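Biologist: Could you take me through a few features of this structure? I would like to ask about them in turn.

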Amino acid sequence: MRYGTTLHPKEYLRHMKERMGSRLDIWSERFTGIFMGRFFYVTHHAGYEWNRQITNQKNAALGYVKETENGCEIRFLHFQGVLCPQYLIPWLLISVVLLVLCWPALVDLPLMRIAAILMIVGFPVLFTCVESTTDGSIDGRKSLLGLLID
């Protein structure tokens with residue numbers, strides 16, 4: 001996605017950094033982020049609600065700020081739930097290691113190999129589809145886009 005603003009890139013990133021919360025405040029709604037030059041990775045955490053079955057939904061944006069004649073342009077990719085890189089990458093690494101370790105035992109069971117690969121790919125997609133329909137996730141997406149546009 002792309003959004004434009006009249007702010008200078010450094011000013012835009014400074015304003016975005018000011019809105020970041022603590023990583024340790026796991027019970028409340030907040031933004032967290034990593035900034036490296038003009039690149040950023042910002043996550044909206046929906047917060048914990050004891051009466052919800054799916055809690056602390058996440059929406060993330062990975063992108064960079066490009067300087068333009070009129071200010072800057074924000075270019076980013078949007079991620080939801082378990083498909084956020086901070087969760088997906090460790091999941092895939094652990095799954096691949098386990099698959100490699102178990103592969104010799106699955107040589108005679110081709111259907112089990114297929115089932116294992118489908119679970120590695122299918123679970124994150126299924127969890128994200130379920131999570132993306134919750135109120136917390138929908139509101140979190142709006143909040144994240146509001147942070148990036150504002």
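This is a predicted model: local features need pLDDT of at least 70, side-chain atom pairs count only at pLDDT 80 or more; totals for chains, interfaces and linings use all residues.

Biologist: Let us start with the helices. At what angle do α2 and α3 pack?

Modeller: Helix α2, residues 85-102, packs against helix α3, residues 110-131, at an angle of about 170 degrees, and their axes are 11 Å apart. An angle over 145 degrees counts as roughly antiparallel, so α2 is roughly antiparallel to α3.

Biologist: Which residues of α2 meet α3?

Modeller: On the α2 side they are Leu88, Trp91, Leu92, Ser95 and Leu99. Their partners in α3 are Ala116, Ile117, Met119, Ile120, Phe123 and Pro124.

Biologist: And how many of the residues in that contact are nonpolar, polar or charged?

Modeller: The contact of α2 with α3 has 10 nonpolar residues, 1 polar residue and no charged ones.

Biologist: Changing topic, how many aromatic pairs are found in the whole structure?

Modeller: The search finds 3 aromatic pairs. One of them is formed by Phe39 and Tyr64, with ring centres 5.8 Å apart and planes at 45 degrees, so this pair is tilted.

Biologist: Where do Phe39 and Tyr64 lie in the chain?

Modeller: Phe39 is in strand β3 (residues 39-45) and Tyr64 is in strand β4 (residues 58-68). They are 25 residues apart, and the pair thus links distant parts of the chain.

Biologist: Are those two buried or exposed?

Modeller: Phe39 has a relative accessibility of 53% and counts as exposed. Tyr64, at 30%, counts as partly exposed.

Biologist: Which other pair can you describe?

Modeller: Phe123 and Phe127 form a stacked pair, 5.8 Å from centre to centre with 10 degrees between the planes. Both residues belong to helix α3 and are 4 residues apart, about one turn of the helix. Phe123 is also among the α3 residues that meet α2. In terms of relative accessibility, Phe123 is partly exposed at 32%, and Phe127 is partly exposed at 44%.

Biologist: Finally, Gln57. Where is it, and is it buried or exposed?

Modeller: Gln57 sits in the loop between β3 and β4. With 5% relative accessibility, Gln57 counts as buried, because the cut-off for that class is under 20%.

Biologist: What does the side chain of Gln57 make a polar contact with?

Modeller: The side chain of Gln57 makes a polar contact with the side chain of Thr134, at 3.2 Å. Apart from neighbours within four places in sequence, Gln57 is in contact with His44, His45, Ala46, Glu131, Thr134, Gly136 and Ser137.

How values were computed: Residues are numbered from 1 along each chain as its sequence is written. Side-chain values use heavy atoms; hydrogens and water are left out. Axes are lines fitted to C-alpha atoms, for helices over the stretch in contact, and angles run from 0 to 180 degrees between N-to-C directions. Helices (H or I, at least four residues) and strands (E, at least two) are DSSP runs, numbered from the N terminus. Angles under 35 degrees count as roughly parallel, over 145 as roughly antiparallel, 65 to 115 as roughly perpendicular and the rest as oblique. Contact means heavy atoms within 4.5 Å. Ala, Val, Leu, Ile, Met, Phe, Trp, Tyr, Cys and Pro count as nonpolar, Asp, Glu, Lys and Arg as charged, and the others, Gly among them, as polar. Rings of Phe, Tyr and Trp (its six-membered ring) pair if their centres lie within 6.5 Å; planes under 30 degrees apart count as stacked, over 60 as edge-to-face and the rest as tilted. Buried means under 20% relative accessible area, exposed over 50%, partly exposed in between (1.4 Å probe, protein chains only). A polar contact is a pair of N or O atoms within 3.5 Å; within protein, one must be able to donate a hydrogen and the other to accept it, and residues adjacent in sequence count only if both atoms are side-chain atoms.
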